[in-house]
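Trainee: I have a model of a complex open on my screen. Can you show me how to read it?
Mentor: Gladly; let us look at it together.

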Amino acid sequence: MEEERELAINPIVATSMQHNTQVVSNIRSLTASLFGVAAGTLGMESYTGFIFYLIGTLIVSGFLFTFRSDGKPSEYFHRPLGDLWGGDVVSGLSSFVLTWTLFYGLVRA
Amino acid sequence: MTLIGATLNTVGLLFLTHAVYSTHEHTATFPHAPLPLDITIELLVSILVLSAGIVFTSPSLKPIVWARWAGRLSREGRHGEGKWTREGEEILSEGDPYAFLGLDGGIGGKREGRLGFWDVRGKRKEYAEWAKNGGKQ
């Protein structure tokens, strides 16, 4: 109810929101496969690789926070914690695992 | 901004390719030795540089609060963003969706202004004067 009133006073532009989500998901899928390359060539196995991925996405979120949203993520995302810091982390995981296993097989095996 | 991003991407890709190739050579010659520290560092640095480049080359975000978004539109107007269609027409940024209302005309402006604000009394006075003058301008 409180949020509904807040949205009535300060309406949100749907196209901008869509654009921002698109930008974040593009960056996530590109960097996820990149981290997969690194994890595979470093020969990471099991939990180490997943922890590496989480650290990598945190760093990329930091880049987004400082360079793209100028330190004010609430101006560009409705829920900064979920949309900027946690946005598309799980969907990038599959492309991470794909390149991880590929490069592990190419370089190590 | 795009120039910085492009250089970061190029440098990162070069270092990444070199690091992966070095790892491949190293594991091919010494299959069970651990990876040397310099290759690891090169790989991690190249990954960092590349992800920074990807963030820099991505299109900039748009403000979601309507007031800020509309304020930016009215301040900057429609302008080109350095992109062209295949036919050679420049692609413009998004414009004010309510421009068709003619708000800029207004009461002091040249045009009628917003249709909802049609000045009925003014129009009636104009008509009365026109009729008093015998229907001539």
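Trainee: Where in chain B is confidence lowest, and where is it highest?
Mentor: Start with the score. pLDDT is the predictor's confidence in each residue, from 0 to 100. In chain B, strand β1 (residues 80-84) is lowest, at a mean of 74. Helix α2 (residues 37-57) of chain B is highest, at 92. Helices (H or I, at least four residues) and strands (E, at least two) are DSSP runs, numbered from the N terminus.

Trainee: What ground rules apply to the model?
Mentor: This is a predicted model, where local features need pLDDT of at least 70, side-chain atom pairs count only at pLDDT 80 or more, and totals for chains, interfaces and linings use all residues. Residues are numbered from 1 along each chain as its sequence is written, while chains are lettered from A and ligands numbered from 1 in the order in which they are written.

Trainee: What is the mean pLDDT of chain A, and of chain B?
Mentor: Chain A has a mean of 87, with 99% of its residues at 70 or more. Chain B has a mean of 81, with 83% of its residues at 70 or more. Within chain A, helix α4 (residues 80-85) is lowest, at a mean of 80, and helix α3 (residues 47-68) is highest, at 91. For the complex, the predictor gives an ipTM of 0.86 and a pTM of 0.76.

Trainee: How are two packed helices described?
Mentor: By the angle between their axes and the distance between the axes. Axes are lines fitted to C-alpha atoms, for helices over the stretch in contact, and angles run from 0 to 180 degrees between N-to-C directions. Take helix α2 (residues 14-41) and helix α5 (residues 89-108) of chain A: their angle is about 30 degrees, and their axes are 7 Å apart. That makes α2(A) roughly parallel to α5(A). Angles under 35 degrees count as roughly parallel, over 145 as roughly antiparallel, 65 to 115 as roughly perpendicular and the rest as oblique.

Trainee: Is the crossing of α2(A) with α5(A) left-handed or right-handed?
Mentor: Right-handed. The contact includes F35(A) and A39(A) of α2(A), and F96(A) and W100(A) of α5(A). Residues are in contact if their C-beta atoms, placed from the backbone, lie within 7 Å. These contact residues divide into 12 nonpolar, nine polar and one charged. Ala, Val, Leu, Ile, Met, Phe, Trp, Tyr, Cys and Pro count as nonpolar, Asp, Glu, Lys and Arg as charged, and the others, Gly among them, as polar.

Trainee: At what angle do α2(A) and α3(A) pack?
Mentor: About 140 degrees, with axes 10 Å apart. That makes α2(A) oblique to α3(A). This crossing is right-handed. F35(A) and A39(A) of α2(A) are among the contact residues, as are F52(A) and Y53(A) of α3(A).

Trainee: How many residues does each chain give to the contact between the chains?
Mentor: Chain A gives 31 and chain B gives 28. On the chain A side, α2, α3 and α5 each give two or more residues. The largest share, 14 residues, comes from α2(A).

Trainee: Where does UniProt place a transmembrane region in chain A?
Mentor: An unreviewed entry places this feature at residues 50-69 and 89-107. UniProt positions use the numbering here, feature names are shortened, and annotations may be inferred rather than shown by experiment. Residues 50-69 of chain A are 95% helix. Residues 89-107 of chain A are 100% helix.

Methods. A crossing is left-handed if the near helix is turned anticlockwise from the far one by less than a right angle, and right-handed if clockwise. Two residues are in contact if their C-beta atoms, placed from the backbone, lie within 7 Å.
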